[in-house]
Amino acid sequence: MSKLTLDHWESLKPGINGEFILAGFIDVSDDGLPALNVQTNGSADPERSLRSLLEHCARHFAHVVVHVGIEVILPSILECMSCSTRVYLLGSATEEDFYHRELLLREPPTGQEPNAQIKTIVCWESEARTQSELLRASGRKVDGNIHGCPPAGVASSATRWTDRNFNADIRRLAREITRRRIGLALSSGGARGLAHIGVIQVLEENGIEVDALVGCSMGAYIGAVWAYGYDGDAMERLAREVEHRWGLFELIDPFILPRQGFLRGEKVKMRLKRSIGDVHFEELVRPLRIVATHLATLGKVVFSSGEVAQAVHASSAIPGACIPVDVNGELFIDGGIADPLPVDVLEEMGIEKIIAVNTIPTPEYLRSRLEIEKERNARHGRRASKIKTFINRYLNYFAPGNVLDTILRSFNGAQMQVAEHSGMFADLVLRPLSFDGRWHDFRRPGKYIAIGRREAEQHLDEIKALVNRKEPIYETAAAHHSLGAPA
């Protein structure tokens with residue numbers, strides 16, 4: 001199939017008559033998508049011709065993706081940008097590519113605000129450690145990533161690339177363009193938050209891809225591990241490493257004379273770093289946001305850059321129980337104070353379909369649990385041993401009614417109504433709750449993971465319906481095809 005030149009397009013324009021007249025120049029890809037190759041050089045007025053060509057394509061295709069190479073002259077690039085609702089600048093994390101980006105953004109397309117809807121996507125090769133260090137050192141923020149890209153020498157001739165992360169990122173970008181992204185909001189909740197793993201396992205088993213994650217406290221920890229690249233089964237194995245009687249002590253590091261808090265929180269941070277290292281947000285295979293609370297203002301702060309483990313540490317610093325976390329000279333505490341179920345963060349990111357997982361119980365739920373415990377104890381005549389009573393009364397700060405338990409219960413009480421309100425703005429809310437769930441019960445991860453699985457499986461039809469729901473597209477005429485790609 002021959003390339004279409006802009007001069008040839010000008011000669012065809014008089015015969016449009018409401019019909020699509022470029023069928024003879026269309027190639028069909030292996031995926032069945034039509035593609036049109038356009039030669040721009042040599043035209044007397046390339047910008048005017050490009051605009052009319054793209055307008056013609058847009059009348060016959062629901063979505064038109066324009067791929068413009070770096071060899072195209074700047075005025076033609078700007079014209080393509082001005083005709084587009086979204087612009088993605090793809091490049092590597094090198095000084096040269098960022099220099100070219102900044103030159104381009106100095107001349108915003110006609111009809112657009114400076115830098116409006118223009119997103120920078122960094123393409124990472126399989127071994128991109130050097131690029132990552134350059135990006136960290138520069139302090140530049142990017143809008144997205146494509147991981148596992150083919151090397152430059154291979155990309156020009158490759159028709160397919162089998163890297164799993166690369167293909168997942170391309171699909172994610174396609175869902176963003178077509179406004180069909182799925183976002184997952186993971187609540188706080190201590191050990192009960194291990195139910196998030198069960199939900200993730202069911203999503204993976206059913207081929208449901210998530211385009212953006214946001215987490216708070218325990219939800220931030222689970223989200224960070226998944227965003228790094230572990231699958232649900234690997235995450236369960238990590239959780240089961242503390243599945244023994246003294247497992248909780250592998251997670252806590254108490255102060256002998258507490259002043260700012262009873263726990264440092266460093267053990268949890270170091271355990272996370274054993275799983276994900278010192279990875280930064282831009283290196284994650286899934287987009288992630290982490291919510292913490294600024295101690296001085298009590299305002300919500302959303303981390304999207306910097307070291308992931310440090311952000312999770314800040315998001316998990318339960319006030320009173322843990323010391324505040326210093327990040328660049330500012331002190332932060334648990335994100336659950338400001339936003340225990342951060343659905344609104346996904347809304348601000350423009351995510352179209354939101355699933356929220358809320359592991360925070362309601363007062364009614366807790367009252368039911370209390371009644372069940374009373375009935376069970378009365379039926380079996382249970383009585384605590386004198387030794388256990390002594391330990392709980394004088395030594396165990398986590399025992400019901402003691403200081404850490406009281407702090408955590410008060411903390412959960414403050415979160416309940418906020419989380420319920422946040423859930424109203426999600427498309428679907430999952431509630432994996434347990435009647436005998438305790439915030440510090442990390443020695444029984446399998447129990448909470450199973451609860452998460454059960455909740456997701458019970459709502460699987462609703463999840464699939466949400467994922468497959470097509471947003472309305474307002475057009476004056478039916479599209480010739482769902483997707484076109486002039487190149």
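Predicted model: local features only at pLDDT ≥ 70, side-chain atom pairs only at ≥ 80, totals over all residues.
Helix α4 is a handy place to start. This helix runs over residues 95–105, and Phe-98, Arg-101 and Leu-104 are buried in it. These residues cover an arc of only 120 degrees around the axis, which puts them on the same side of α4.

Most residues other than glycine have a negative phi. Ser-217, however, has a positive phi near 55 degrees, and Asn-328 also shows a positive value, of about 55 degrees. Ser-217 is found in the loop between β10 (212–216) and α9 (218–228), while Asn-328 belongs to the loop between β13 (325–327) and β14 (330–334). Are these two residues buried or exposed? Ser-217 is buried, at 8% relative accessibility, whereas Asn-328 is exposed, at 76%.

Then there are the charged side chains. Side chains of opposite charge can pair when their charged atoms come close. Across the whole structure, a search turns up 21 salt bridges. One of them links Arg-51 and Glu-79, with N and O 2.6 Å apart. Arg-51 is part of helix α2 (residues 46–58) and Glu-79 part of helix α3 (residues 74–82), so this pair ties together parts that lie 28 residues apart in sequence. Arg-51 is partly exposed at 31% relative accessibility, but Glu-79 is buried at 14%.

Another salt bridge joins Glu-241 to Arg-271, with 3.0 Å between the closest N and O atoms. Glu-241 comes from the loop between α10 (232–239) and α11 (266–276), and Arg-271 from helix α11 itself, so the parts tied together here are 30 residues apart in sequence. Glu-241 is partly exposed, with a relative accessible area of 44%, and Arg-271 is buried, with 12%. Glu-236 and Arg-240 also form a salt bridge, with their closest N and O atoms 3.0 Å apart. Finally, salt bridges can link up into a network, as they do for Asp-169, Arg-171, Arg-172, Arg-175, Glu-209 and Asp-211.

Technical notes
Residues numbered from 1 in each chain as written. Heavy atoms only, no water. Buried < 20%, exposed > 50% of the residue type's maximum accessible area, 1.4 Å probe, protein only. Helix = DSSP H or I, 4+ residues; strand = E, 2+ residues; numbered from the N terminus. Arc of directions from axis to C-beta. Salt bridge = Lys/Arg side-chain N within 4 Å of Asp/Glu carboxyl O.
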